[in-house]
Amino acid sequence: MTASLSPAEARRIHLAAQSLARRRPAGRPRPARFRDYLERQGVLQLDSVNVLARAHHLPIYSRYGPYDRDRFDRWLWGSGENFEHWGHEASVMPRDLLPELHHRMRRSSSWKARTLDRLEAERPGLLDQVRAAVQVHGPVTAADLEHLAPRESRRGPWWDESHVKTALEYLFMTGEVAASRADHFRRTYDAPERAWGHVGAHDGDAWAMDPDAAQQALFDRALAATGVGTVRDLADHFRLTSPATSGSGPRGAAWATSAVERGLASWVDVDGWREPALLATGAEDPGRATASALLSPFDPVCWFRPRLLRMFGVDYRIEIYTPADKREFGYYCLLFLLGDRFEARVDLKARRRDGVLGVEAAWREPGRAPGARRRDDAEVAAALASELRLMSGWLGLPDIEVAPRGTLASALDRAVEAG
């Protein structure tokens with residue numbers, strides 16, 4: 001007999017699996033907690049947007065509160081415990097996931113084919129030159145190797161025409177060089193033998209996992225990280241979502257069936273969901289969600305929009321690439337979690353020269369979680385103001401300024417002033 005869950009139970013189980021159901025633990029996070037997060041989630045998304053803080057810094061902060069970002073970066077890229085590749089978009093993952101990612105490095109794609117054809121046509125032999133230079137001199141940046149193929153055009157604000165950079169990205173995507181990060185988030189490249197302790201993915205399959213087994217292992221890991229979700233929800237965690245492997249297709253059904261047969265999950269019905277869900281074995285409903293947190297667009301809870309809408313009633317998209325006059329909520333909106341629902345969204349900007357955390361806009365969340373009552377604006381504003389004060393301290397921005405834009409702006413401004 002299939003068990004059933006209420007929407008609130010599903011939300012709490014998901015938030016508990018995401019370490020977002022309880023108030024933050026006391027004390028500043030240290031490497032042990034960083035490690036625990038990455039092991040639990042399996043993936044930490046990267047992005048160059050730095051209007052507030054680096055994308056990879058925010059999920060740790062949301063769950064554990066203020067911490068030393070430089071210390072985190074030293075651990076992330078200097079400990080030898082992690083590696084960068086295409087997990088959920090560009091991501092950092094625990095190094096024990098390398099075998100599961102081997103098939104993705106070796107898999108053909110239209111981008112790889114086009115890039116290889118372009119490089120061989122425009123700069124024959126450059127790939128071999130770049131690979132050899134990384135082997136001898138790594139870790140290096142693209143700028144260190146520009147002499148191998150001087151630029152033929154100017155760098156643009158949104159693109160980079162460097163053949164060397166293109167060659168390095170191709171070698172990175174195919175697992176022939178390993179990537180890391182240096183100061184100011186610059187990507188560096190090194191020989192896989194030094195960075196991973198393995199030869200590159202093109203040099204043999206000694207450390208590879210069979211592609212079918214690898215995809216199943218990634219699905220299993222997503223199940224533990226997610227707690228509960230439809231097959232498509234789980235498949236999105238590591239982007240196992242190409243047309244051939246979509247959660248609604250036979251591959252997704254096979255992953256789910258295998259997880260259930262091995263005792264990793266059971267099928268459940270969630271009231272109001274059109275598709276059945278998988279509940280991870282051992283996943284717990286805390287009974288009451290007490291956390292409050294600001295979540296960025298690059299947080300695992302926010303990645304998959306269909307789940308966010310179905311589970312929390314939130315229709316959410318990042319508007320960075322939307323023209324300013326067409327943005328509805330703001331350039332870089334974070335969702336404000338209070339208990340088991342999202343109550344607001346705020347467009348935040350770190351005005352570092354002025355020492356100000358700018359709230360460019362503040363909105364009551366227009367959507368509502370299934371079965372949830374609406375909280376009073378003053379209650380939401382007071383809780384959000386407290387979160388903003390914590391964040392401003394973490395970012396070293398002593399002042400908070402609330403612009404008069406958005407349905408929550410006036411109440412939030414009063415709550416910040418009342419501080």
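**Figure 1. Helix H6 passes helix H8 in a left-handed crossing.** This view, like the others, comes from a predicted model. H6 covers residues 110–122, and H8 covers residues 163–173. Their axes lie 10 Å apart, at an angle of about 140°. The two helices are therefore oblique to each other. From H6, the contact uses Trp111, Lys112, Thr115, Leu116, Arg118, Leu119 and Glu122. From H8, it uses His163, Thr166, Ala167, Glu169, Tyr170 and Met173. Sorted by class, the contact of H6 with H8 holds 6 nonpolar, 3 polar and 4 charged residues. Packed helices are described by the angle between their axes and by the distance between the axes.

**Figure 2. Helices H5 and H10 cross at roughly 120°.** H10 spans residues 211–226. The axes of H5 and H10 come within 9 Å. H5 and H10 are therefore oblique to each other. H5 passes H10 in a left-handed crossing. On the H5 side, the contact is made by Glu100, Leu101, His103 and Arg104. On the H10 side, Pro211, Ala214, Gln215, Ala217 and Leu218 take part. The contact of H5 with H10 divides into 5 nonpolar, 2 polar and 2 charged residues.

Figure 3. Is His102 buried or exposed? Its relative accessibility is 5%, so His102 counts as buried. Which residues does His102 touch, not counting those up to four places away in sequence? They are Ala201, Gly204, Asp205, Trp207 and Ala208.

**Figure 4. Helix H10 passes helix H12 in a right-handed crossing.** H12 is made of residues 250–261. The axes of H10 and H12 come within 10 Å and cross at roughly 65°. That makes H10 roughly perpendicular to H12. H10 brings Asp212, Gln215, Gln216, Phe219, Asp220 and Leu223 to the contact. H12 brings Arg251, Ala254, Trp255, Ala256, Ser258 and Ala259. By class, the contact of H10 with H12 has 6 nonpolar, 3 polar and 3 charged residues.

**Figure 5. The largest nonpolar core has 54 residues.** Which members touch the most other members? They are Leu52, Met391 and Leu412. Helix H15, residues 377–394, gives the largest share of this core, with 8 residues. Look next at Met391. Leaving aside neighbours within four places in sequence, Met391 is in contact with Leu52, Leu58, Tyr61, Leu294, Leu334, Leu348 and Leu357. Another core, of 27 residues, lies apart from the largest one. Among its residues are Phe219, Val231, Ala235 and Ala280. In soluble globular proteins, nonpolar side chains tend to be buried together.

**Figure 6. Arg24 sits in the loop between helices H1 and H2.** H1 is 7–17, and H2 is 31–41. Arg24 has 22% relative accessibility, so it counts as partly exposed. Beyond residues up to four places away in sequence, Arg24 touches Tyr61, Ser62, Arg63, Tyr64 and Gly65, among others. Its partners also include Ser292, Ala293, Glu387 and Leu390. Arg24 and Leu46 are 22 residues apart along the chain, and their C-alpha atoms are separated by 23 Å.

Figure 7. Arg69 counts as partly exposed because its relative accessibility is 26%. How many residues separate Arg69 and Trp394 in sequence? They are 325 residues apart, yet 9.4 Å apart in space, C-alpha to C-alpha.

Figure 8. H14 covers residues 305–312. Which residues of H14 are buried? They are Arg307, Leu308, Arg310, Met311 and Phe312.

Conventions:
Residues numbered from 1 in each chain as written. Predicted model: local features only at pLDDT ≥ 70, side-chain atom pairs only at ≥ 80, totals over all residues. Heavy atoms only, no water. Axes fitted to C-alpha atoms, helices over the stretch in contact; angles between N-to-C directions. Helix = DSSP H or I, 4+ residues; strand = E, 2+ residues; numbered from the N terminus. Parallel < 35°, antiparallel > 145°, perpendicular 65-115°, else oblique. Left-handed = near helix turned anticlockwise from the far one by under 90°. Contact = heavy atoms within 4.5 Å. Nonpolar A, V, L, I, M, F, W, Y, C, P; charged D, E, K, R; others polar. Buried < 20%, exposed > 50% of the residue type's maximum accessible area, 1.4 Å probe, protein only. Core = buried A, V, L, I, M, F, W, Y, C linked by side-chain atoms within 4.5 Å.
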